[in-house]
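My notes follow the model below.

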Amino acid sequence: MPWYLYIALRHLFPQGKRFPIFTLMSLTGVVLGVSTLIVVISVFNGFGYEIRSRIADTYGDLRIVTGGLLNNPYGLSDEIRSLESVETAGPYAHGMVMLLYKNKPLAPLIEGIDTQSDQELQKYSDFLIAGDIDDLDDDSLLISSGFASQLSLFPGDEVELYTPLMMLKLLESDGTDVLLPRTVRVAGIFETGWQRVDENTVISTLRLMQDLYNLGESAHGVRIELNDGYEAEAISRELTESLGNPYYGRTWMDAHGDTLSIIQLEKRMMFFLLFIIVIVASFSIMSSLLTFVIRKTREIGLFAAMGATPRQLAACFCAQGLIIGVAGTLAGIGFGYLLLYYRNSITATISNMLSVADSMNKIYGFAYLPARVEMADLVVISALSIVIATLAGLIPAYKASKMNPVEALRSE
Amino acid sequence: MSSPLIEAQGLARRFQSGDGFLEVLKNVDLRIETGDTVSIQGESGCGKSTLLNLLAGLDQPDAGKLLWESSAVTGFPNDQLAIRRARLIGMVFQSYYLVPEIRILENVMLGGRIAGKTDNLEERSNVLLERVGLADRRKSLPATLSGGERQRVAIARAMVTMPKALLADEPTGNLDEATGDSIMDMLQELCDEEGIALVLVTHNSVYAARMSHSWNLRQGILEPV
């Protein structure tokens, strides 16, 4: 190891002595900046990832639609399912119904799913909090938890469904027809953890939706789940091209991109705002190193007398900035991971102290704080922090290199 | 006559003092050859240390020329001067200047590391510590050593690069008489053994008298004693 790096290390971490306070303060600044950045950015990633995966669970990664009805949905589903990048594909139909229970009406979104697909059933089976997925048939529904609690519904209860088509028929008959609702049973109650779905959605079989909307054998589209959801855009383009008019792909980003765009924008804003902590830390490093250079003036003179070049002297102090940057960043990553590991306990404690325990679920639709560390973010945060800390060492290094050795040796 | 290790030709140095200039060195000529022992005496503030710094290339003269091994180094860029100094000259100061954050052995080795002489450096450092009687303190920190012991370490550090000349600026100035005597004995002995030229700046006429050449600096002029 070159002597100037060795001395830089020993200035910061002396042999057989206590940890110097100046090293501790400089490191603390970088550790706090890096760990805060990692925690906040990872939480934003977590929100994005959770929302994406919940959209994928309910909407699918991609849907093939025509703008109208799809006449041969099972044939098209089989064709799409044979593609290597596709995990599963099945027809769906969706719309809105009015649901009446004990004279209390609500208008949820309804989605008819392909009950021939085991994966589709298994997914909703995983979300079930009451009832049994095997009870789902053409005369029953799965009700989302928020919706069920609004109407105090339980598995086995019977509800009445009215569709827009029924209303239209009633209007066309000038009031001579009697409006007969479809009575269906509650087969189960599900909860995805995403409030947007859990508040206002019911799931039926595709057959029931085809009956309610008078679709015959048609469907509104094919719902696709991919092996890699992040490939949705590319595969959507491929399918749109290969299937030709009138088919076109609509990805989860097209449908819910607004939510994710906001999260991305917030993530970028938070990155710039929180990076100020690292910049403030770099000023602390600079001021500590400047003080240190003054304290070590005679030592700098000695090194020059022993044959150290001005460049080596500069490297010695610049390296101290670099070492603080590297050590602070590594410790910051470790501390950040630790905070992320205990994030839910920490947020629960804070929420309880502030008596806002349920606010996260209400506002964000998550019962816990999601987090996801992405390598690209770690690389950017680490690289920028190390560069900034090293730059902070440049002015003290320049000052050291420009010292007159004779004056340095004479200094008191 | 062999070619000199260090040669000063008409060196002059002046410093700003109030509105005028204070001429500290006037037309100083000095020749130091391999194995020479040279003392420079003079009153406090007469310019002894200034002359030593000029000879070491740490300071630049206002006039005159400095030659190291017969080549002029006056006006050399600092980087090149530092590299040549590390090979040719070792320095010992009154205030020892040990690095407090590293152990004694590392302090001695530091001299070799800076000079880029890293072959057998640890072995040579250990030998030198043994020679200065501090082999058992090699793992101690400078703060735990007495003044005399620190100066011994500083001497070992200066010698570890195997310099051709050792410039010592009042090396016993901070020590009591007995310790000073032992340091001087050791310094001379080591220089004799290694054939190193010793330039000693001192107030002590007894130490000065031990040198083969003695000079006195008075009002900027260097005169033989």
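How many cavities of 30 Å³ or more does the count come to? I get three cavities of 30 Å³ or more. I work on a predicted model, in which local features need pLDDT of at least 70, side-chain atom pairs count only at pLDDT 80 or more, and totals for chains, interfaces and linings use all residues. Residues are numbered from 1 along each chain as its sequence is written, chains are lettered from A and ligands numbered from 1 in the order in which they are written, and side-chain values use heavy atoms, without hydrogens and water.

Cavities. I take a cavity as a set of points, on a 1 Å grid over the protein atoms alone, where a 1.4 Å probe fits but cannot get out; lining residues have an atom within 4 Å of a point. Points are joined across faces, edges and corners, and the volume is the space filled by probe spheres set on them.

I note about 100 Å³ for the largest cavity. Its lining draws on both chains, including L302(A), A305(A) and M306(A) with F93(B), R157(B) and T161(B). For elements I use DSSP runs numbered from the N terminus: helices (H or I, at least four residues) and strands (E, at least two). At least two lining residues each come from α11 (297-305) of chain A and from β6 (89-92) and α5 (147-159) of chain B. β6(B) gives the most, three residues. I sort by class, with Ala, Val, Leu, Ile, Met, Phe, Trp, Tyr, Cys and Pro as nonpolar, Asp, Glu, Lys and Arg as charged, and the others, Gly among them, as polar. This lining has eight nonpolar, three polar and one charged residues.

The second largest cavity holds about 70 Å³. Among its lining residues I list Y92(A), D114(A), E120(A) and R223(A). Strand β2 (residues 86-96) of chain A gives the most to this lining, with five residues. By class I find four nonpolar, three polar and three charged.

Rings. I count eight aromatic pairs over all chains, where rings of Phe, Tyr and Trp (its six-membered ring) pair if their centres lie within 6.5 Å. W3(A), Y4(A) and F303(A) are linked into a cluster by ring pairs. I also looked for charges over rings (NZ of Lys or CZ of Arg within 6 Å of the ring centre and within 35 degrees of the ring normal). R63(A) lies over the face of Y59(A), 4.2 Å from the ring centre. In chain B, the charged end of R14(B) sits over F21(B) at 4.3 Å from the ring centre.

Domains. I find chain A divided into domain 1 (3-51 + 260-410) and domain 2 (97-217), with bounds from an automatic or database domain assignment. Their C-alpha centres lie 54 Å apart.

Methods. Rings of Phe, Tyr and Trp (its six-membered ring) pair if their centres lie within 6.5 Å; planes under 30 degrees apart count as stacked, over 60 as edge-to-face and the rest as tilted. On a 1 Å grid over the protein atoms alone, a cavity is a set of points where a 1.4 Å probe fits but cannot get out, and a pocket is an open set with protein on both sides within 12 Å along at least five of seven lines; lining residues have an atom within 4 Å of a point.
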